[in-house]
Amino acid sequence: MLETLRNAFKIKDIRKRIIFTFLMLVVIRIGSQLPIPGVDSEVFANWFASQTADGMGFFDAVTGGSFLNLSIFALNITPYITSSIIMQLLTIAIPKLEEMQRDGEDGRKKIAEITRYLTVALALIEAIAMAIGFSRGGYLEQSDSTAVYVMNIIMVIFTLTAGSAVLMWIGERITEKGVGNGISIVLLFNILSSVPDDMRSLYYRFIFGQSFATMAVAVLLIAVVLLAMVVFVVVLNDAERRIPVQYSKKMVGRKMVGGQATNIPLKVNTAGVMPVIFASSIMSFPVVIAQFFTVDYSSIGGKILTMLNSGSWCKPSQPIYSVGLIIYIVLLFVFAYFYTSITFNPLEIADNMKKQGGFIPGIRPGKPTSDYLNKILNYLIFIGACGLTIVCVLPYVFNGVFGASVSFGGTSLIIIVSVLLETLKQIESQMMVRNY
């Protein structure tokens with residue numbers, strides 16, 4: 001990785017792209033520290049510190065601490081991620097959007113434009129909900145004048161919406177003039193910004209005040225676990241099953257052409273990090289919403305919310321709440337199969353192979369090929385979902401059993417590794433094109 005970056009800096013065009021990306025990330029960090037006018041940040045920080053919802057911690061991690069600081073980027077790029085997911089689902093359900101996606105570059109530009117409008121709409125809705133919650137919780141600056149109080153609410157709504165729109169624009173500029181996918185880079189940078197706080201939490205929980213032998217063992221175990229998880233995620237991200245494909249020869253004029261052998265690379269983790277994002281969002285959404293209201297946690301509803309809260313999982317003193325972890329694992333598998341089914345169509349691939357004279361050795365073209373690909377795909381999805389489950393569940397077990405409070409978990413690790421590998425591949429690709 002260091003060798004790739006060193007070689008990239010030797011090329012003027014790529015060096016400019018890397019510097020541009022770095023400067024945009026600096027702008028994001030500055031914006032993450034600018035408080036929203038009209039909000040009492042100290043009161044909100046005290047309230048946030050009293051919350052036990054792990055969903056709140058993860059939300060603050062993906063926003064790079066902007067949510068805790070109640071900065072102008074508090075919503076961050078979460079509305080854009082949500083709108084992108086919605087558009088992917090609608091593309092499957094609405095024929096007009098599916099046709100638009102197949103129109104090439106023009107169609108993709110139209111879908112991107114619709115996604116931007118949907119992002120602003122979602123950001124506005126979330127900003128209104130947050131502003132109302134802030135006003136009810138007393139987190140806005142108090143004023144005897146009703147007009148001033150209403151103006152504070154309006155100012156919070158527009159600031160949050162504008163901040164999310166600006167981040168979306170920065171992400172698109174990074175994609176256009178920087179390196180890698182801009183939105184993914186922003187998300188990666190936000191998560192990395194929370195790592196120092198997590199390391200500090202681990203230090204005070206397991207190392208500070210301990211004997212030298214205990215400290216040495218704790219540091220060694222933490223380093224081994226982190227290294228093992230990173231290696232596992234890298235292997236899971238790059239592992240693939242290659243299906244051999246043979247193309248028959250065709251007569252073109254007086255020459256025989258074709259006949260080459262190739263393969264279809266099917267990734268083991270076909271759905272990537274999307275099942276984790278879907279499952280985490282569904283589990284944490286009720287918990288996060290409940291934090292803005294008064295909830296009796298001794299009631300049935302309160303116990304259900306506690307069960308959904310990942311901060312209550314794997315605690316030896318309260319094993320019943322770990323039922324929520326089982327629900328989370330089931331959701332991971334369901335969304336792994338669901339997301340792959342809407343992004344990968346074995347029947348379409350089999351038809352395209354048949355039209356081009358291609359076939360899998362030992363498998364007849366057409367429906368038998370589609371059934372074969374579907375069988376292999378289901379097998380791979382199961383293995384990939386098991387891998388995702390291991391990566392995501394281990395941090396919850398660690399937090400529950402040892403009482404650590406770390407927002408850096410399996411989801412964050414998968415995002416970091418995936419984005420870093422993809423960005424390095426894009427830099428290498430640009431260097432290769434430059435050399436040619």
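## Exercises on helix packing and loop residues

The axes of α8 and helix α9 (residues 146–177) come within 9 Å and cross at roughly 145°. Axes here are lines fitted to C-alpha atoms, for helices over the stretch in contact, with angles from 0 to 180 degrees between N-to-C directions. Helices (H or I, at least four residues) and strands (E, at least two) are DSSP runs, numbered from the N terminus. This is a predicted model, in which local features need pLDDT of at least 70 and side-chain atom pairs count only at pLDDT 80 or more, while totals for chains, interfaces and linings use all residues. Residues are numbered from 1 along each chain as its sequence is written, and side-chain values use heavy atoms, with hydrogens and water left out.

**Exercise 1.** Describe the contact of α8 with α9.

*Solution.* Start with the handedness: the crossing of α8 and α9 is right-handed. A crossing is right-handed if the near helix is turned clockwise from the far one by less than a right angle, and left-handed if anticlockwise. Next, list partners, where contact means heavy atoms within 4.5 Å. The α8 side includes Arg-116, Val-120, Leu-124 and Phe-134, and the α9 side includes Tyr-149, Ile-153, Leu-160 and Glu-172. Finally, sort the residues of this contact: 14 are nonpolar, 4 polar and 2 charged. In this scheme Ala, Val, Leu, Ile, Met, Phe, Trp, Tyr, Cys and Pro count as nonpolar, Asp, Glu, Lys and Arg as charged, and the others, Gly among them, as polar.

**Exercise 2.** Now try α6 and α8: how do their axes cross?

*Solution.* Helix α6 (residues 78–93) and helix α8 (residues 105–137) have axes that come within 8 Å and cross at roughly 130°. That makes α6 oblique to α8; angles under 35 degrees count as roughly parallel, over 145 as roughly antiparallel, 65 to 115 as roughly perpendicular and the rest as oblique. The crossing of α6 and α8 is right-handed. Among the residues that meet are Tyr-80, Ile-86 and Met-87 in α6, and Ile-111, Leu-118 and Glu-126 in α8. The residues of this contact comprise 9 nonpolar, 6 polar and 1 charged.

**Exercise 3.** Find the surroundings of Ser-32.

*Solution.* First locate Ser-32, in the loop between α2 (12–31) and α3 (41–49). Ser-32 counts as buried because its relative accessibility is 0%; buried means under 20% relative accessible area, exposed over 50%, and partly exposed in between (1.4 Å probe, protein chains only). A polar atom of the Ser-32 side chain lies 2.8 Å from the backbone oxygen of Ile-28. Leaving out residues up to four places away in sequence, Ser-32 touches Ser-66, Asn-69, Ser-71 and Phe-73.

**Exercise 4.** Is Phe-382 buried or partly exposed?

*Solution.* Phe-382 belongs to helix α16 (residues 367–402). Its relative accessibility is 43%, so Phe-382 counts as partly exposed. Beyond four places in sequence, Phe-382 is in contact with Phe-333 and Tyr-337.

Notes. A polar contact is a pair of N or O atoms within 3.5 Å; within protein, one must be able to donate a hydrogen and the other to accept it, and residues adjacent in sequence count only if both atoms are side-chain atoms.
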